[in-house]
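Me: I'm new to this structure and would like to learn how to read it. Could you take me through it feature by feature?

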Amino acid sequence: MTTLLLMGLTVLLPLVIGVPIAVTLGGSGLLWIALLDPNLLRGAGHAVWNTAENYVLISIPLFILMGELIERANFANRFYDAVSLWLRPIPGGLLHANIAACSLFSAVSGSSVATAATIGKAAIPNLERLRYDRRLTLGSLAAGGTLGILIPPSIPLIIYAALVEVSLGRLVVAAIIPGIMMALIFSGYLWIVAWRRPEAAPRLGGRPDAAALLRSLGAMLPLFFIIAIILCGIYFGWATTTEVAALGVVAAAGLALLQGQLTWPVVRDSVVATVRFTAMLLLVIIGAQIFSFAIFSWGVNYEISDWITGLPYPRLAILGVIVAIYLILGMFIDSISMMVLTLSVVYPVITGLDYDPVWFGIILVILLEIGLITPPVGMNLYTIQALDPVRISLGEVTRGALPFVLLLLAGIALLIAFPGIALWLPSLMF
């Protein structure tokens, strides 16, 4: 336990003074490996190579490129307007459109920040003009954006599968029902608020005519087509996740070309953004793998696992402590870094307690979602505030997102009480 605390300090102190997390994890890991046995540095090299050549990780830049093409080809604005037309008669109106648009856009993006930013750009001007409650508007967008890392494709799920070596196909399928469940819980909350306080979400007069609804389908079909390729390809086993990601890129580029949006600036900016994000992400993963190898070499992870699983407490209580730790860490560390930093210690504990690793992957991603909307490092809060930094304060976004933190915790409680929510669909396929 003393070794773990010292290892933690060698990570915490550099982070406090602003050292990048990839450098911190890799440097700390190399230090501890050298202290144990310099000959093990060769083993660290093998660990890095095994991670870098992981076939599953190839899907990450492909999914990112697909999302970038869709965002820059202006699909999102037309899609949001179409969804708004269908949902505006419901109490809560365009607030439901925020959740629905975020849910569906996340199915072709895989990034919470990109989802929140893209839908927020389209939604905020309309909702401001219609005098919707500002906190509800900002909170629903920040929270709706978190669905980007739960509803497939999900970059954190891809990384989780690669790090702990579980089936990515099972993980992706397991996330479908919980993702839909969280979207419905969010919309249910907004419906109740709009029903109790009609002035918070003014209803637009009259129902849209059938012709307008039919025309709006043209703006929705491109995204539905790409979603169908991704989910059907994975669900029916027509292709691997990486192959599906490649098909998604081709489909996004083809649809952008058909609509006259596939210009050189769109392609250039999409590729550059993909390369930058992928490089940053892989550096963090590689640094985390070096640190994990150090923990493994010192035997700390198994010591902790044996100690925790041997405690005379119910496994549910131990799971509750793990959840609480992630909630605290999520306030200070970004989601991907938090996951790769902790899995080498937490995963042996989870398997030692006989919890299903696929089920825990879904729980973990929801915990990461909570971290995205809790200060001081909630990335979605800053993303929404940055859309109009003059008129939108970070405090407003934070207060608007707080009820959704409680709703996400309720979703975790449901998954703990009823694991079948996540495991039923994979059980039909695998």
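Me: How many salt bridges does a search of the whole structure find?
Reply: A salt bridge here is a side-chain nitrogen of Lys or Arg within 4 Å of a carboxyl oxygen of Asp or Glu. The whole structure has 6 of them. Bear in mind that this is a predicted model, where local features need pLDDT of at least 70, side-chain atom pairs count only at pLDDT 80 or more, and totals for chains, interfaces and linings use all residues. Residues are numbered from 1 along each chain as its sequence is written, and side-chain values use heavy atoms, with hydrogens and water left out.

Me: Which residue forms a salt bridge with E68?
Reply: That's R72, with the closest N and O atoms 2.0 Å apart. Both sit in helix α4 (residues 59-72), 4 residues apart, about one turn of the helix. Helices are DSSP runs (H or I, at least four residues), numbered from the N terminus.

Me: Is E68 buried or exposed?
Reply: Buried means under 20% relative accessible area, exposed over 50%, and partly exposed in between (1.4 Å probe, protein chains only). E68 counts as buried because its relative accessibility is 14%, while R72 is partly exposed at 31%.

Me: What about R197 and D133: how far apart are their closest N and O atoms?
Reply: They are 4.0 Å apart in this salt bridge. R197 lies in the loop between α11 (176-196) and α12 (210-235), and D133 in the loop between α7 (112-129) and α8 (134-146), so the pair ties together parts 64 residues apart in sequence. R197 is partly exposed at 35%, and so is D133 at 23%.

Me: Which residues line the largest pocket closest to its centre?
Reply: A pocket is found on a 1 Å grid over the protein atoms alone: it is an open set of points where a 1.4 Å probe fits, with protein on both sides within 12 Å along at least five of seven lines, and lining residues have an atom within 4 Å of a point. The largest one holds about 1200 Å³ of space, a volume being the space filled by probe spheres set on the points. Of its 36 lining residues, G8, I325, L329, L341 and T342 are closest to the centre. Helix α1 gives the most to the lining, with 9 residues.

Me: And how many disulfides are there?
Reply: A disulfide is a covalent bond between the sulfur atoms of two cysteines; the cut-off used is sulfur atoms within 2.5 Å. The search finds 0. As for cysteines, C102 is buried at 0% relative accessible area, whereas C232 is partly exposed at 27%.

How values were computed
Helix = DSSP H or I, 4+ residues; strand = E, 2+ residues; numbered from the N terminus.
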